[in-house]
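Welcome, and thanks for opening your viewer. Let's walk through a few selections together, one stop at a time.

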Amino acid sequence: MANKYVGRLIRNFFENDFSEEIRSRFGQWLLSDGAEDEKSRVMREIWEKSACNKKDENTWTELNRLRHTIERSERQARLSQFKRFARVAAILLLPLLGAVSAYFLKPDTVRLVEPEIVECFVPYGEMEHLFLPDSSEVWLNAGSLLLYAREFNGETRNVYLNGEANFKVAKDLEKPFIVKTEYMDIEALGTVFNVQAYSDTRKIMATLEEGKVKVDTKGNNARSYILSPDEEVVYDRATQKSVQREVDASKDSQWKMGYLVFQGNTFEEIMRSIERRFDVSVNYDSDKFAGRSFTIRFSPEEELRQVFEIMKVVGKFNYQIKDNVVFIN
């Protein structure tokens, strides 16, 4: 994985509440060879910005327990990996340390957990098409992270998403398919639906094209919805409220074919989509565009400059493109 995407993957992990299995898989990747300097830099940055970076007695206890366990190990071939982990832990001293180390370290021995989770991260400017172990089909949009088991052996087929994905679920009446995101879970038996759950956007959306799905929102105003085709649930992070509404679901999945489709989206939402599609940064004064919404559609053939020529007319602004940065004035 290129160093430029290491930071995005780590930040995506810490911005979501994943299961113990996912956290274990993340710990394995963090310990693995490659991009050690970038991993340490990004995690140090997260630690310095964290509101929970105060060291207490429990933190030191966990760190010392980790060190003592490593020292008791006689398996030198694997020791170097855990020394790297200890160095990261010494920098971060995260409350997470005790939980993560428990998956890798047992009394008087050091054991690596066999990989059970597959991670698929799609860089900005790209798109990914894949099939899950149950033959369910998934399209992943730019800047998305999907985690899933190599084999769906449990009672449910759980996948974890940060970003946008379109799912065509293989039917299995005895094993529900559940997409887990930070603010909502979407359950389906066999259907086609789209989920948009980027960690840097205000709204989380689940949109149904075919079949039926159950959507459970989380938080203080948790609710459950049953969707029919051409319906979606929108969850607002700021208000922690959700709403069910009718839409043209086919338009929400046109990004799979390279289209950028916006239906009453805010200027901020549009700019973030453009950043992910073209792997650029857009600088602008958000106050100047507050309260405005746009309905517009861009074809796959339109390049960055063509997109902004159209947005220039619609949004009534001027712009400049320098390297991979767009300046709006």
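Start by selecting D134 and R157: both residues are buried. Keep in mind that this is a predicted model. Show the two side chains and you will find a salt bridge, with N and O 2.5 Å apart. Now colour by element of secondary structure: D134 sits in the loop between strand 4 (128-131) and strand 5 (137-140), while R157 belongs to strand 7 (residues 157-168), 23 residues apart from its partner.

Next, select K180 and D185. Their closest N and O atoms are 3.4 Å apart, in another salt bridge. K180 is partly exposed because its relative accessibility is 23%, and D185 is buried because its value is 16%, the limit for buried being under 20%.

Move on to R276 and D200, a salt bridge with 3.6 Å between the closest N and O atoms. R276 is in helix 8 and D200 in the loop between strand 10 and strand 11, so this pair ties together parts 76 residues apart in sequence. R276 is buried at 5% relative accessible area, whereas D200 is partly exposed at 30%.

Last stop: the largest pocket, with a volume of about 610 Å³. Select Q196, M205, V261, F262 and N265, the closest to its centre among 29 lining residues. Which strand gives the most to this lining? Strand 16 does, with six residues. Colour the lining by class and you will see 10 nonpolar, nine polar and 10 charged residues.

Technical notes:
Residues are numbered from 1 along each chain as its sequence is written. This is a predicted model: local features need pLDDT of at least 70, side-chain atom pairs count only at pLDDT 80 or more; totals for chains, interfaces and linings use all residues. Side-chain values use heavy atoms; hydrogens and water are left out. On a 1 Å grid over the protein atoms alone, a cavity is a set of points where a 1.4 Å probe fits but cannot get out, and a pocket is an open set with protein on both sides within 12 Å along at least five of seven lines; lining residues have an atom within 4 Å of a point. Grid points are joined across faces, edges and corners, and a volume is the space filled by probe spheres set on the points. Helices (H or I, at least four residues) and strands (E, at least two) are DSSP runs, numbered from the N terminus. Ala, Val, Leu, Ile, Met, Phe, Trp, Tyr, Cys and Pro count as nonpolar, Asp, Glu, Lys and Arg as charged, and the others, Gly among them, as polar. A salt bridge is a side-chain nitrogen of Lys or Arg within 4 Å of a carboxyl oxygen of Asp or Glu. Buried means under 20% relative accessible area, exposed over 50%, partly exposed in between (1.4 Å probe, protein chains only).
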